[in-house]
Amino acid sequence: MSQNARSALRHRDFTLLLVATVMEAFALQMSFVAIGWQVYSIRGKALDLGLLGLAEFLPLLILALPAGQLADRVPRRHLLTVMMLLNLVVLSGLLGVTIADTNVVWPFFALAFVQGIGSAIGAPAGRALTPSLVPEEILVSALAQRSIAFGLSSIVAPAIGGILFAIDQELVYAVGLVLAGAALACVLALRSGRLPATEGEGAAGIDEVLAGIRLIRRTNVLLGAISLDLFAVLFGGAVALLPIFAKDVLEVGPTGLGLLRASPAVGSLVAAGIMARYPIRRRAGPMLFGVVAGFGVSMVVFGLSRQMWLSMLALAVGAGLDMVSVVLRQTILPLVTPDELRGRVNAVEMVFISASNELGAFESGVAAALIGAVPAVLVGGVVTVVVAGAWWKLFPALARVDRLDELRPVAVEPVVS
C-alpha cells in the first residue's frame, strides 16, 4: 500500500466512511443477485427485470436534484443516515417476502422503489462527504482508494450473494441486514468534517437547485465524463440479463449465476491491484476513453460466447476495465467541482449513473424482450465502442486530461437573482 493510502486511512472519519460504504454496498449488491433470480423465476419474463430497474430509477429522477441541494445545506452524514435506515427497511421487506414465498412480482418492485428513494436522499451526500474528511494533499489518493473499495465490493458482493442464495434464499438477506446495520453504526459514529459552505442559509430557489446542472453544462470535463458513463453503460451493460444467460443460454442454474456474477471480481481485483501498485499518473483522459471502448468489446465477446469459461473471462475483463473507468471518473469529478456544489453535482451524476444502471437494466429488459437477450448484448457492446469514439471528438478537454493531481475546481458561476 502506498504512503498516501496509509495516510488516508489514518483519518478516523474517512476510515469509518470507507468501511460503511463497503458494507452497505455488500448488503445491497448481494441482495440484487437474489432479487434478479427471484423476479425472473416467478413469471419467466425478461421485461420484469427491466421493470425492476425502472422502479429503482424513478425516485432518483424525481428526488435527486432537491436532495443534492440539501446535501450542500445540511450535515451530509444526516442524509447518509436516512438512506441507510431506508435500506434496512428494504432488506427487512425482502427477507419477509422471501420467507412468505410470494409468487407475485409487485412487492419486489415496491421495495426497489423505496430503495431508490433512499439512494436519492443519501448518495449525493455520501459522495460529497469524502473530500471533506482528508487534507487536500492526499485527496487524489483517498478518492481513488474509496472508488476501488466501492468498485470491488460491488463486484465481489453479488458473487457471495449468489453462493448464499444457493445455500438458502433467506440467508442472503439476513447477512445483508447485519452488514447494513454495521454500516449504519459507522455513519452514526462519524464526527465533524468540513460542513457544506452553504449550510444554514435561507430557503433555496430553483436557481440554486439547478446550480449543479449549470456547472456541468459549461464544464467540458464534467459533462464529458458523466455522459460517457451514461451512454456506455446504458447500452453496454449485461448484468441485468445474467439470470437469462444463466438459465436459458448457458443453462448453469442459480449456482452458475453466482459464478457469472463472481467472475468480474477477478478482473476487478487484478485492476485494483495494478492501480494500487501503479497509480494512474499520466494520460488519464485518453485512458478513460480506451477502457470504455474495451468494455464494449468485452460485452460483444460475452454475447457471442456459449462456453461458461469464455463468458466468465469476458465478464472479468469487462469488470476490470470498468473498474479503471470508475476510479478515473470518481476521482476527476470531485477534483474539478467546488466544495459548495459537490452535493448538487453528485446528485446530477447519480441520476446519470442510475440511468446507466437501473434505466439501463430497463433498456436491457425491453431489448431482450423484443430481439432476444443475445442480440441485445451484442448491439449494446457495439454501441458502447461507437460512443467512446464519438465522445473523444465531442469532449476534447476530457481527452486532454493528463495528471489528476493538477486538476483544480472550476470557478462557481454567480447566481443572478
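Helices here are DSSP runs of H or I with at least four residues, numbered from the N terminus. Keep that in mind for the views below, which all come from a predicted model.

**View 1. Arg342, in helix H15.** Let's begin with Arg342, which sits in helix H15, a stretch covering residues 342-371. Is Arg342 buried or exposed? Its relative accessible area is 7%, and buried means under 20%, so Arg342 is buried. Now look for Ala128: Arg342 and Ala128 are 214 residues apart in sequence, yet from C-alpha to C-alpha they are 5.3 Å apart in space.

**View 2. Val326, in helix H14.** Next up is Val326, which has its place in helix H14. With a relative accessible area of 13%, Val326 is buried too.

**View 3. Helices H13 and H14 side by side.** Here helix H13 (residues 284-304) meets H14, with axes that come within 8 Å and cross at roughly 160 degrees. That angle is why H13 counts as roughly antiparallel to H14. As for handedness, the crossing of H13 and H14 is left-handed. Zoom in and you can pick out the residues that meet: on the H13 side they include Leu288, Val291, Phe295 and Phe302, and on the H14 side they include Leu310, Leu315, Asp322 and Leu328. Sorted by kind, the residues of this contact come to 16 nonpolar, 5 polar and 1 charged.

**View 4. The largest nonpolar core, and another one.** This core has 69 residues, and the members that touch the most others are Met84, Ile332 and Leu398. Which helix gives the largest share? That's H14 (residues 308-336), with 8 residues. There is also a second, separate core of 47 residues, with Val90, Ala246, Phe295 and Ala367 among them.

**View 5. Leu398 and what it touches.** Leaving aside residues up to four places away in sequence, Leu398 touches Asn220, Val221, Gly224, Ala225, Gly285, Leu288, Phe289 and Ile332.

**View 6. Stepping back to the whole chain.** How many helices and strands are there? The chain has 17 helices and 0 strands. Of its 417 residues, 57% count as buried. Among contacts with a separation of 6 or more, 88% are between residues 24 or more positions apart.

Terms used
Residues numbered from 1 in each chain as written. Predicted model: local features only at pLDDT ≥ 70, side-chain atom pairs only at ≥ 80, totals over all residues. Heavy atoms only, no water. Core = buried A, V, L, I, M, F, W, Y, C linked by side-chain atoms within 4.5 Å. Buried < 20%, exposed > 50% of the residue type's maximum accessible area, 1.4 Å probe, protein only. Helix = DSSP H or I, 4+ residues; strand = E, 2+ residues; numbered from the N terminus. Contact = heavy atoms within 4.5 Å. Axes fitted to C-alpha atoms, helices over the stretch in contact; angles between N-to-C directions. Parallel < 35°, antiparallel > 145°, perpendicular 65-115°, else oblique. Left-handed = near helix turned anticlockwise from the far one by under 90°. Nonpolar A, V, L, I, M, F, W, Y, C, P; charged D, E, K, R; others polar.
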